Amino acid sequence: MLCAISGEAPQVPVVSSKSGNVYEKRLIETYITENGTEPSTGESLTVDDLIDLKTPQSVRPRPPTLTSIPSLLSVFQEEWDALALETYTLRQNLTQTRQELSNALYQNDAAIRVIARLTKERDEAREALGKVNVAAPTNGDAMHVDSAPLPARVVEKIQTAQDSLSATRRKRPVPEEWATGESVATYTPKVMTQTQYPGGSALAVHQSGDLVLAGGVDGGVDVFSVARNQVVQSFTAGSGTITGAAWAGERAIISTSKGQVSVRDAASGSELGLFTAHTSGVSAVTVHPSGELFASVGADGIYVVYDIETMSVATQVASGGAFTCARFHPDGHLLAAGGPGGQIKVYDVKTGTEAAVFAFGSPLKQIIFSENGIWLAAIAENSTTISVWDIRKSTEIKALETNGVIASIDWDYTGQFLVSAGPSGITVNQYSKASKAWTEPLKLAVPATAVAWGKSAQSLLTLSSEGAITVLA
C-alpha cells in the first residue's frame, strides 16, 4: 500500500472516497488546501472526503542500503557528489550574473554620457538661437524657429475684439436692408468684366461692397469697382499664382504660390509690406475681425500672424503638417486651419496651442465660420458636398449636396445664406432659424472658381477660371 503522491508507504494512510486512491494524510491535506482537487484525477476533493485507514503499528525496517558501513559510505559519497555539482552550478550562475551586471552598468554609464552631451548641445543651440534676431523686416527673409509668444499689445487686441464681439453676437438683429430668400431667388447675371490676369481663384469683396480683389497667374491682381463696372487698379503682388486675397480696411492682403505675402494700398497699388516667412507656397490668408492683424498658412505646415500696425511678423507656429486653408473665428480668439491630411485644427491664437481637432477625413480645400460663432462650413478637394460642423460638439450636423464639384464657398454676415460655386454653377442654401431647416432659393449655371457675397447680401460676385468677374443681383 503506497501513497499516490510520494510513492512510499504512508505513515498515516487515508483513502479518497471518490477515487479509492491511498494517500499520506499530511500530503493530501496540504494539496487539498492549496488546490481543492484530487491530484490523481483532478476532481474536486475536500478533507471530509478522506477516510482514515487503520493499520497496525510496527517498527519500520531500515532500507537495505543502510544496513552496513560500506553501504552508508556509498550513500554519503553520492550526497557529497551531488553537493559538489550543485556548488559548481551556483558558481557558474554567479559568474554569469556578475558579467551581465557589469555590462548593464557600462551601458548605463554610456547612455548617461550621451544624454549629457546632447543636453549640452541643445542648450548651446538654444543660446545661439536666442541671439539671432528673427524679427524679419518687411521685405526680408524669415527663418523657421519655434513659436514665440505674441507681444502683449497684440494679445490685448485679440482679447478686446473677443470681448466686444462675443458680448453682442447673440443679440445682433438682421439688418433691415439685408437680402431675403425671396430676393436672392431672383438674382441673375448683371455685369461681366474680363480682368487682365486669368487663371486665379482668389476673390475678396471690400466691406463697402464696391471694390473687388481678383487674383490671377504670375502674381497679377486687379481691383474691380462694381459701381464703375471697370478695373480701377492693377498690380503685381509677387511671383507665382495668387492663392489668397483679403481686405484689411483699405489695404489689400495678397498671397502667392511662391511663398510671398504682400500688403498693398488698394487706391494707389503701392506696396506697404512684403513678407517671406513661409519656406514654400502660401495657401491662404485671413484677416482678424479687429482688422489690425492677419494670418497666413502654407504648405510648409506653419501659420504666421502679422501685425498690420507695425507691418511685422507677430508669431509663427509649426503644426507638423501642410495647410491648404484657414479662417479666423468671428470673435478672433481662434484660428481654424485645414490640410491634405483631412484634419481641421483649431488653434488658440493668443497661446498658439491646439484647442481642438476635427477629423474631416478628406483633403480640405476651404473652411469658413458662420457669424453665429458655432458653425463651421468646409469643403474637400473635388467634393460635391458642403459639410457643416458644430464646433461645440466637434460633430457634423449637416451635409449639403450640390450638383457638381465645389470650388469655393462663402457665408453671409447674418449666417442665413451659404453659397457654393464650381464649374457647374452656383448654389445658395438658406437656413431658417424658425423652422430649423435648409432650403435652396437659388441655383444658376454660372461657372466659377471663387464666389463672395456683396454688400448686405444684395449681390453675388464670382470669378471664373478665365478671369471674368460676374455680378449677380
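1. Into which domains is the protein divided? There are two entries: domain 1 covers 13-52, and domain 2 covers 152-176 + 201-416. These bounds come from an automatic or database domain assignment. The C-alpha centres of domain 1 and domain 2 are 82 Å apart.

2. On conventions: this is a predicted model, in which local features need pLDDT of at least 70 and side-chain atom pairs count only at pLDDT 80 or more, while totals for chains, interfaces and linings use all residues. Residues are numbered from 1 along each chain as its sequence is written, and side-chain values use heavy atoms, with hydrogens and water left out.

3. Strands here are DSSP runs of E with at least two residues, helices are runs of H or I with at least four, and both are numbered from the N terminus. An open sheet of three strands is ordered β2-β1-β3 with antiparallel pairing. Its edge strands, pairing on one side only, are β2 (22-24) and β3. From one strand to the next the twist averages 40 degrees.

4. Pairing requires that DSSP finds at least two bridges between two strands. Val14 has Tyr23 as its bridge partner in β2 and Asp52 as its bridge partner in β3. The hairpin of β1 and β2 has five residues between the strands, and Gly20 there takes a positive phi near 85 degrees.

5. Which way do the β1 side chains point? Pro13 and Val15 point one way, Val14 and Ser16 the other, and all are buried. Buried means under 20% relative accessible area, exposed means over 50%, and partly exposed lies in between (1.4 Å probe, protein chains only). Helix α1 lies across β1, β2 and β3, and runs at about 90 degrees to β2. Such angles run from 0 to 180 degrees between N-to-C directions, using axes that are lines fitted to C-alpha atoms, for helices over the stretch in contact; contact means heavy atoms within 4.5 Å.

6. The salt-bridge count comes to 14, the rule being a side-chain nitrogen of Lys or Arg within 4 Å of a carboxyl oxygen of Asp or Glu. One of these is Lys25 with Asp52, where the closest N and O atoms are 3.9 Å apart. Lys25 belongs to helix α1 (residues 25-35) and Asp52 to strand β3 (residues 50-52), so this pair ties together parts 27 residues apart in sequence. Lys25 is partly exposed at 28% relative accessible area, and Asp52 is partly exposed at 43%.

7. What does Lys157 pair with? Asp307 is one partner, with an N to O distance of 3.3 Å. That pair links strand β15 (residues 302-307), which holds Asp307, to helix α3 (residues 152-168), which holds Lys157, 150 residues apart. Asp307 is buried at 1% relative accessible area, and Lys157 is buried at 13%.

8. Glu309 also forms a salt bridge with Lys157, the closest N and O atoms being 3.0 Å apart. Glu309 sits in the loop between β15 and β16 (312-318) and Lys157 in helix α3, so the pair ties together parts 152 residues apart in sequence. Glu309 is exposed, at 62% relative accessible area. A network of salt bridges links Arg153, Lys157, Glu292, Asp307 and Glu309.
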